[in-house]
Every structure is written in C-alpha cells, then in structure tokens.
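Here are a few notes to read alongside the model.

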Amino acid sequence: MRFIEIDLDGTVVRAKLNEEGAPKTSQAVWDALPFEGRAVHAQLSGQMFRMLDHAPVGELEIEGRSNHQFPGSIVFLPSIQEIAFCVGEARFSGSAGMPMIVTELGAIEGDMSEFTKKGDALDATGAKPIRFRRATDQTTPFRGLAHKGRRIELSLGDATVKATLLEDTAPKTTAALQKKLPLEGDATNDTWGGQITRLRTPVDLGDGASEVKHLFWPGYAYYVPSKKELRVAYGECDVRDVTGVLPAVPVAAIDADDVAKFGTVARAQLTEGKKRMGIRAAS
C-alpha cells in the first residue's frame, strides 16, 4: 500500500494509490514523484477539478475502469495524461458532456473540506499550483473520508459493518431515520441501478427535498423519497427506475475498511437471492 500527498495551493491531503485495481498507472505515478502543475476547474464534470498540465507518466492504458466517481476519488485519463479530483457530485465527462471511462487512480482520506472548498473555487480564482509527492506517512492504514455523526451498524446476511450517519449534510432525514431504528427486512440487488442493494421494507423519512443528490457513491446508504426505501451502494450504480434517475438522500457512509466486506455479500445476491438486512444504532 502506497500513499501520496497532494498539495493544492497550501492545502495538503493524503491519498492511497489504487495499486490493486490500477497497478501500472500507480507505479508510473509513484516513479514520477515529485511533480507539479496548475489546477483548474473541470468545466464539464460537475464538482471536479483537474491538473491542466500533463502528468509525467508516459504512455499508459486505462486500468481499474470507472465511469462513476465519488468524493475523494482521483482519476486519470491516459489519452490526455490528465489527473482529476472528485470533490462532490461529479462525473468525468468529455467534450460532448458524456461520462467517460477513466482509470481509478486513488482515493483521498481524512478531512478534505478545505481541499474541496479550494477545488470548488477554482472557477472564480483561476489556476492554482498543485504538487504531488510521496507521503511522509506510509504506515498509518487508509482511513477513508472523515464524517461527523452518530454511529450505526448495517448487516447484510452474515456481514456486519459500521457506518456514520451524515448528520451534517442530511440533518432532517438522518434524524427521522434514527427514530425508526432498528430496521430489518429482506434485501435484494436493485433491478435498475447496478451495484446497489435495496431494503424492501418501506420506511417513510419525509420528502428530503433540501437534502437530495443525483449521483451515487459506493459505500453510502441512501433514502429514496419517491419510493420510501433505503438502498446501499457497493459499487458503480445509480438510483433509477424506468423513468430515469431518482433523487435520493445520502444518509450514512460505511467505514472505508468495511465497504469491500459489504460488497462481497451484496454481489452474492446475484446467485444466492435475497438476504436479511438490518440497520441499528452501533453498540
């Protein structure tokens, strides 16, 4: 496991390279360190910014293929040697405004609020310096993004994972969810959305009008107001039905170490069918 530091105009975050999913790209970036360039906003991709200058990594092919990004996601497009950063609702898009397949290069950990603020402001400030270097700390395990809120447990089949309620971004919906706990019911993979598990027990947490999002991230639990359902994303997915994408409220983030554990059980539903899901306050 290798870690790098990204310094955006004086704000530094630590990130883990995706050595398992993108070994050649990760090695090329590691070998090229340190390097620097200019950061600008992404123009076509939502809450995303990019390094305007080419990354000095040579010719590469796409690895760890992804066309869904999540907050803290670092991606790379080999054809133009561009590194980009997702800091919110974003999807790397080309000149026609269509999402593109990119290499999932890595993920940022910890508190990235200041990093996000600076990235979001690049459309107003113009280019700012961005620097990449090997992290001084190569031993502390990857911690995922920092979230503030009460702790809950999600169980699916024989897997139990810990998560944090997103009380800072969805205070009304998470407060309603806490009053409903514990919840339990059958869960299946969704029929339209991809790698997302659906708790089939209806639950009414309000309309969530001021807290909804339209893009969906692995490791997050969502409330879908129009369906009165909870769903948990474990990979590339959307929340949708035959009419299109449905707005949903992110209500909890699974601990970084537990996302893969949940995903293993969720993927097994394809051949094993429904499993019991439970949501309760953490003990």
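1. Which strands do the buried residues of H1 pack against? They pack against E1 (3–8), E2 (11–17), E3 (35–41), E6 (73–77), E8 (102–108) and E9 (128–134). The buried residues of helix H1 (residues 23–32) are Thr-25, Ser-26, Ala-28, Val-29, Trp-30 and Ala-32, where buried means under 20% relative accessible area with a 1.4 Å probe, protein chains only.

2. A word on the basis: this is a predicted model, in which local features need pLDDT of at least 70 and side-chain atom pairs count only at pLDDT 80 or more, while totals for chains, interfaces and linings use all residues. Residues are numbered from 1 along each chain as its sequence is written, and side-chain values use heavy atoms, leaving out hydrogens and water.

3. Now to the barrel. Eight strands close it in the order E10-E11-E18-E14-E15-E13-E12-E19, with antiparallel pairing (at least two DSSP bridges between two strands). From one strand to the next, the twist averages 30 degrees. Helix H4 (residues 171–180) packs on the sheet and touches E11, E12, E14, E15 and E18, contact being heavy atoms within 4.5 Å.

4. E12 (residues 183–189) and E19 (residues 275–281) run antiparallel and are joined by five bridges. Gly-185 has Met-277 as its bridge partner in E19.

5. Asp-190 sits in the loop between E12 and E13 (194–199). Asp-190 is buried, at 11% relative accessible area. Its side chain reaches the backbone nitrogen of Gly-193 at 3.1 Å. Beyond neighbours within four places in sequence, Asp-190 contacts Ile-196, Arg-198, Arg-231 and Arg-240.

Conventions:
Helix = DSSP H or I, 4+ residues; strand = E, 2+ residues; numbered from the N terminus. Axes fitted to C-alpha atoms, helices over the stretch in contact; angles between N-to-C directions. Buried < 20%, exposed > 50% of the residue type's maximum accessible area, 1.4 Å probe, protein only. Polar contact = N/O pair within 3.5 Å; in protein donor to acceptor, adjacent residues only side chain to side chain.
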